[in-house]
Amino acid sequence: MKKKLTFKNFSIYFDQYLFISITLLSVMGLFFLYSASQGDLNTVIKQSIFVGFGLFLMFILSQPDPDFYKIFSSLFIVIAILLMFATMIFGREVNGAKRWLNFGFFTLQTSEIIKIALPIFLASYLYNKPLPISLKHTFITLALICFVFYLVYSQPDLGTGLVVFMAGIYILFLAGLSWKFIFTSFGLIVLSMPFLWNNFLEPFQRQRILTFIDPSSDPFGSSWNITQSKIAIGSGGMSGKGYQEGSQAHLNFLPEAETDFIFAVIAEEFGFIGICLLLSFFFFILLRCIYLAFNARDRFCRLTIGGLSLVFASTLFINLGMVVGIIPVVGMPMPFISKGGSSLLSFYIAFGIIISMATHKKLMQK
Amino acid sequence: MIDLNERYAEKKSFFNRLVVVYVFFGFVFSFFLYQTYSLQVSEYKDYETAAIANKTKEVLVQPVRGIIYDRSGKIIVNNVPTYDLILKASLIKSIDAFLSDLSPIIELDSDELDYVRENFDLKARYNRELIVKKNLSREEIAKFEVRGYKFPNAFIDVRYSRYNNYPELFSHAVGYVGGVNNDELDSILNSQALPQIETIFKYSNGFQIGKTGLESTYDQILRGKFGKKIFEVDARGRFVEEREFIKPKNGENLFTTLDIKAQQVAYDQMDNRRGAVVAIEIDSGSIVSYVSTPSFSTNAISNGISSRAFNALIQDNDKPFFDRASQGRYSPASTIKPAIALFGIENNIIDWDFSIEDPGYFILPEDQRVYRGWKKGGHGNVNLNKAMIVSSNTFFFSLAYKSDINKLIEHLSNFGFGTKVCADCFNPDKALLPTPEWKMNNLNFGWFKGDTVNLGVGQGYLSATPLQLAYYSTVLANKGTSKELSFIYEKQDIKDLNIQLNNTDDLDWKRLHQSMIGVIESPIGTAKRLQELKTYTVAAKSGTVELVSTDTKEDYKIIRENEGNRDHAIIIAFGPMPNPKYAVSVVIENGESGGSVAGPVAIEVLNSLIGK
């Protein structure tokens with residue numbers, strides 16, 4: 001039940017289903033992180049500050065009327081793009097990638113901002129376009145999507161780039177992209193695969209994909225992560241080894257246990273039963289989003305809820321698929337669970353906006 | 001304003017499309033769940049095993065090697081625990097930087113520095129430990145422990161060194177141990193049902209395997225069985241905790257028949273001359289002394305030697321590593337004569353009364369070729385007894401001339417020539433008992449009568465090792481019965497090697513022994529100078545191996561200017577007579593006189609065994 005608590009001169013907008021499930025998920029995340037970081041209290045305290053701040057942010061961002069986001073969406077995307085450029089120039093370089101902008105008290109991964117700004121902007125651009133979306137608007141939208149994708153991709157950050165790209169495509173698709181266009185472009189993409197392979201993928205990305213197809217080609221290189229992750233998950237069995245008992249994580253066999261591969265830690269310690277319970281929370285959140293989208297007050301809200309929830313779902317599935325080895329390693333956190341600042345906050349922001357879209361009703365005065 | 005119809009169509013389209021996306025995600029999710037289910041439930045066992053294998057490392061624990069004793073229970077080879085400074089070579093980037101950091105704490109001499117520098121790369125490549133310095137003093141240990149934090153990749157640990165109490169005395173008999181090479185490791189692991197070759201590579205160090213001599217022959221017994229420690233390790237291979245410790249089974253001690261005193265006497269008597277001494281206890285066929293000189297220190301070889309010192313040994317012209325006792329091939333020369341004499345009697349070619357005139361040479365009737373004796377003018381009228389005592393070549397030339405070559409070869413092989421005579425010697429050479437087939441195959445010539453004549457005085461193609469000569473001496477002493485030689489009493493599967501002689505009786509043997517006693521005791525004996533060296537009777541036969549054939553003494557004087565051309569001195573002996581207990585053979589390369597140069601060595605060894 002989405003709520004509008006009305007007081008004398010102002011109202012509070014709040015969806016308790018999303019709020020409670022996200023809070024629970026975040027708290028479980030802290031609990032898992034404590035084990036994944038091998039009992040490092042500092043990491044957990046830092047993360048709980050982010051969680052607290054994130055929940056607060058989610059609450060705040062659900063208060064403005066959707067029109068606020070609609071009106072300022074162009075401003076958001078411009079700011080987000082400027083931040084991307086700033087990252088390109090002033091960004092901190094880590095392992096050959098420039099993804100972070102240092103604000104002194106906080107390093108911001110700017111691609112996380114654009115991941116949210118792009119769907120909102122596209123929703124505000126497309127919400128009043130007649131069905132099906134004309135070729136002209138389709139191309140304008142695609143151009144923007146590709147431009148933003150390229151900005152992220154060139155950092156380089158293929159994982160987030162793909163999520164951003166998918167976010168744009170979801171909006172375009174949900175807004176009513178013509179089926180004719182979909183099938184034609186799909187055919188063209190399949191035909192141009194070899195070209196993309198040769199010209200747009202870095203050698204290490206190609207290697208990752210090749211390793212994914214044939215893991216034995218690179219036993220101690222990039223597939224080491226996947227092999228260890230599979231061992232961690234598989235050795236968890238039906239009921240797991242017990243909290244903080246996972247040898248794969250605690251003896252450092254599992255790489256990136258606090259971030260990308262935290263799911264493997266959970267699977268090792270809590271088994272198949274544990275992850276089914278955990279995933280049911282995610283499942284619930286996504287179902288709730290469908291319900292909210294369907295009942296949203298207008299097309300802009302629908303598109304935004306649909307788009308942002310699909311960004312969330314995509315991130316989750318890319319992470320899960322990567323950890324169990326059904327897609328290549330691209331570097332993608334598990335929402336609300338993995339350690340991280342920007343990526344964690346971005347989902348609280350996204351859900352804040354979703355709640356705003358879902359809870360504000362249009363006054364039927366006209 | 002959008003009209004209501006259009007708005008309804010839009011809402012329906014949105015919902016349909018959202019469902020399409022979610023159905024797609026549903027498929028992805030099902031696939032994911034299926035994958036997780038198969039990892040965690042269907043393939044659980046495999047992954048559980050993999051996780052355990054990941055975190056478990058086995059380290060083999062070396063058993064202590066068996067001790068080697070001499071016949072009286074004195075220790076020849078022991079294990080000495082030493083505190084060694086050990087380096088994990090693969091974790092060190094620059095060995096020179098390490099050594100210069102180490103130099104104020106632990107001093108290394110130039111040999112040790114050379115050893116470390118030379119072996120560093122190899123040890124690093126194979127992830128093995130490198131022993132920087134052995135046998136640290138208490139002071140050095142204390143100094144290192146205080147500053148040990150500076151050297152995370154080095155540590156001090158107890159290692160057992162193989163220590164020979166008589167390092168040069170037993171270098172060929174007992175041999176030495178060394179590090180394990182990969183082939184050897186494989187066979188050890190197979191024999192102990194330990195297949196974890198990789199584990200061994202990473203962690204096992206300080207393993208020793210017998211490389212030569214008894215250390216090699218009895219390696220299986222001496223080395224015992226490896227124990228193991230099972231550790232939990234983290235991803236970097238660091239030990240987290242010990243889980244299980246299976247104790248090693250120490251090697252069994254080896255009680256040999258060697259006699260330290262006789263060995264020492266033999267070694268001292270050889271005085272670094274090139275040659276070999278082998279002494280046998282006749283009743284048991286056991287080896288009591290086994291010396292090849294010049295020698296080297298087995299302790300240096302076993303426990304690490306710099307390549308400079310090692311190369312010096314390798315390049316030494318006297319070839320100290322060469323085991324002359326079982327691998328040196330020498331013509332038996334006149335020492336063959338007792339066997340030829342027995343052949344003559346057995347085959348009724350001669351008897352003890354038969355005599356010939358010895359003009360100092362023998363002319364082969366076929367081609368008029370002249371075969372000379374060692375004494376110009378000859379020995380006059382010689383019967384078999386005198387021919388043995390004065391070592392008349394003419395007598396034996398003519399005896400061999402009348403012999404059937406194939407029968408003669410079979411006869412000689414019964415005395416150990418061209419055969420393996422030792423059950424547990426390291427790599428014994430069979431030397432060469434030439435046959436007509438051998439000559440045809442190897443030299444592409446048929447067998448000449450002259451070859452048979454040469455065989456009669458132990459020259460020509462025939463060769464034997466000092467070990468074979470000692471065995472031959474034992475067979476002669478024991479009147480044709482003998483066992484395979486061995487370094488331990490009551491060795492299993494030892495062969496009886498009795499000779500079947502039908503036409504030779506005890507009296508013939510006694511007369512043969514008597515003639516060999518005459519070699520020393522007779523005033524005309526070739527080894528008469530040995531008379532005063534002992535207080536009991538000894539039977540012997542000396543020999544002088546011609547390396548360069550000369551017709552006159554003057555010619556020999558010229559060629560002997562070059563030491564390498566001088567004759568080899570050789571003797572076989574056994575005593576005390578008439579009931580001999582020990583048999584001995586001595587070869588001294590370029591020693592010139594069997595009787596007066598090799599003889600005293602043989603007598604001194606017998607003295608030490610018999611106790612004068």
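Here are some questions and answers about a predicted model.

Residues count from 1 along each chain as written, and chains are lettered from A in the order written. Because the model is predicted, local features need pLDDT of at least 70 and side-chain atom pairs 80 or more, while totals for chains, interfaces and linings use all residues.

Me: Which helix of chain B supplies the largest share of the side that touches chain A?
Reply: Contact here means C-beta atoms, placed from the backbone, within 7 Å. By that rule, 33 residues of chain B are in contact with 35 of chain A. Both α1 (4–42) and α2 (44–55) of chain B give at least two residues to this side; helices are DSSP runs of H or I, at least four residues long. The largest share, 20 residues, comes from α1(B).

Me: How many residues on that side of chain B are nonpolar?
Reply: Nonpolar covers Ala, Val, Leu, Ile, Met, Phe, Trp, Tyr, Cys and Pro; Asp, Glu, Lys and Arg are charged, and the others, Gly among them, polar. The side has five polar and eight charged residues, and its nonpolar ones number 20.

Me: What percentage of chain B's residues count as buried?
Reply: Chain B has 23 helices and 19 strands (E runs of at least two). Of its 612 residues, the buried part is 44%.

Key:
Contact = placed C-beta atoms within 7 Å. Buried ≥ 20, exposed ≤ 12 C-beta atoms within 10 Å, placed from the backbone.
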